Amino acid sequence: MKLGAGAEDEAHQGRAEEKQMGVRPIGGIVVVGAGGFGREVVALIQALGARGARVSVMGVVDDLLSAVNRERLERLNVPFLGPVSALAGPRDGLSVVVGVGAGSVRETLVDRLIRIAPDV
């Protein structure tokens, strides 16, 4: 879809203002966790994208992916990217959402992500 000149200028100005304020455009998001809560997070992001939000699911990481959850991700057309360690290293601009319902597990995963991928 091609935007008219006025709309293009407005979109460019909006991005410039976001950059000035330190707002990082979200774009693609990696969801940690392929279980039920993680898939609910995927569905939410997909619904937001379908309504015009500038977000999409890049894929899902999970250390203990079951065959059943792999099939469910495939039905959602969401790629499995590998274990959580696949996020290690510099990942400037990457957005990650931890989609794990169990609080203690979620806390452990967040601590681990901070260690292995401090840019996310």
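User: Which residues does V78 touch, not counting residues up to four places away in sequence?
Analyst: A touch here is a contact, meaning heavy atoms within 4.5 Å. With residues up to four places away in sequence left out, V78 touches V42, Q46, V57, G59, V60 and L73.

User: What sort of model is this?
Analyst: Numbering starts from 1 along each chain as its sequence is written. Side-chain values use heavy atoms, without hydrogens or water, and local features need pLDDT of at least 70, side-chain atom pairs count only at pLDDT 80 or more, and totals for chains, interfaces and linings use all residues, since this model is predicted.

User: Which residues make up the largest nonpolar core?
Analyst: A nonpolar core joins buried Ala, Val, Leu, Ile, Met, Phe, Trp, Tyr and Cys residues through side-chain atoms within 4.5 Å. V78 belongs to the largest one, which has 11 residues.

User: Is N69 buried or exposed, and why?
Analyst: N69 sits in helix α3 (residues 67-75). Leaving aside neighbours within four places in sequence, N69 is in contact with A34, G35 and R39. The cut-offs on relative accessible area are under 20% for buried, over 50% for exposed and partly exposed in between (1.4 Å probe, protein chains only). N69 has a relative accessibility of 14%, so it counts as buried.

User: What does R70 count as, and why?
Analyst: R70 is also a residue of helix α3. Beyond neighbours within four places in sequence, R70 is in contact with L65 and F80. Because its relative accessibility is 38%, R70 counts as partly exposed.

User: How many Å apart in space are R70 and G35, C-alpha to C-alpha?
Analyst: In sequence, R70 and G35 are 35 residues apart. In space, their C-alpha to C-alpha distance is 9.5 Å.

User: What pattern does the chain follow along the sequence?
Analyst: There are 4 helices and 4 strands in the chain. Read along the sequence, the pattern is α-β-α-β-α-β-β-α.

Definitions and conventions
Helix = DSSP H or I, 4+ residues; strand = E, 2+ residues; numbered from the N terminus.
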